[in-house]
Amino acid sequence: MNIVCTFLGKTKSVSVPHTLVTIGRKSSKGMPELDLSEDKSVSRKHAKIWEEEGEYWIEDLGSRLGTWVNGLRRTKIKVKFGDRITVGKTMLQLMPSNVGELSQE
């Protein structure tokens with residue numbers, strides 16, 4: 001799976017080989033699989049995304065600002081490719097592994 005991250009107008013695609021991905025900022029206790037340290041509004045341990053039986057899920061891990069999917073605050077929800085996931089001020093989108101970058105609208 002690829003995760004497309006957009007923060008302050010910069011977009012990058014991150015290839016994630018794991019079926020469980022923690023999202024957050026680097027801390028003395030370690031690094032998340034998806035490090036969003038540039039965005040200081042992301043909690044150190046913000047959320048996790050995982051694949052289960054071919055479906056993808058996201059769960060907020062008690063972050064200060066919450067996790068938003070398609071404009072709605074969620075604690076745990078099934079997500080699909082192209083859904084707009086917001087953590088802090090960073091927008092994420094899951095993309096199939098064979099898709100490199102998302103065109104900006």
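Predicted model: local features only at pLDDT ≥ 70, side-chain atom pairs only at ≥ 80, totals over all residues.
Contact here means heavy atoms within 4.5 Å. Lys48 is found in strand β5, and, leaving out residues up to four places away in sequence, Lys48 touches Leu20, Val21, Thr22, Trp57, Ile58, Glu59 and Leu61. Its relative accessible area is 25%, so Lys48 counts as partly exposed, since that class covers the range between under 20% (buried) and over 50% (exposed). Lys48 can also be placed relative to Leu94: the two residues are 46 apart in sequence, and their C-alpha atoms are 13 Å apart in space.

Once neighbours within four places in sequence are set aside, Ser43 is in contact with Gly24, Arg25, Ser63 and Arg64. For Arg64 there is a further detail: its backbone nitrogen lies 3.2 Å from a polar atom of the Ser43 side chain.

Two of the residues that Ser43 contacts, Gly24 and Arg25, turn up again in the lining of the largest pocket. About 160 Å³ of space lies in this pocket. Its lining is made up of Thr22, Ile23, Gly24, Arg25, Ser27, Lys29, Gly30, Met31, Pro32, Arg44 and Lys45. Strand β3 (residues 20-24) gives the most to this lining, with three residues. Thr22, one of the residues touched by Lys48, is likewise part of the pocket lining.

Turning to the sheet, six strands form an open arrangement in the order β2-β1-β11-β10-β7-β8, and their pairing is antiparallel. At the edges sit β2 (10-15) and β8 (72-74), each of which pairs on one side only. From one strand to the next, the twist averages 30 degrees. Within this sheet, strand β10 (residues 85-87) and strand β11 (residues 90-95) pair in the antiparallel sense over three bridges. Readers who would like a handy landmark for this pairing can look for Thr86, whose bridge partner in β11 is Met91.

Key
Residues numbered from 1 in each chain as written. Heavy atoms only, no water. Polar contact = N/O pair within 3.5 Å; in protein donor to acceptor, adjacent residues only side chain to side chain. Pairing = 2+ DSSP bridges. Helix = DSSP H or I, 4+ residues; strand = E, 2+ residues; numbered from the N terminus. Axes fitted to C-alpha atoms, helices over the stretch in contact; angles between N-to-C directions. 1 Å grid on protein atoms, 1.4 Å probe; cavity = no way out; pocket = protein on both sides within 12 Å on 5 of 7 lines; lining within 4 Å. Points joined across faces, edges and corners; volume = space filled by probe spheres on them. Buried < 20%, exposed > 50% of the residue type's maximum accessible area, 1.4 Å probe, protein only.
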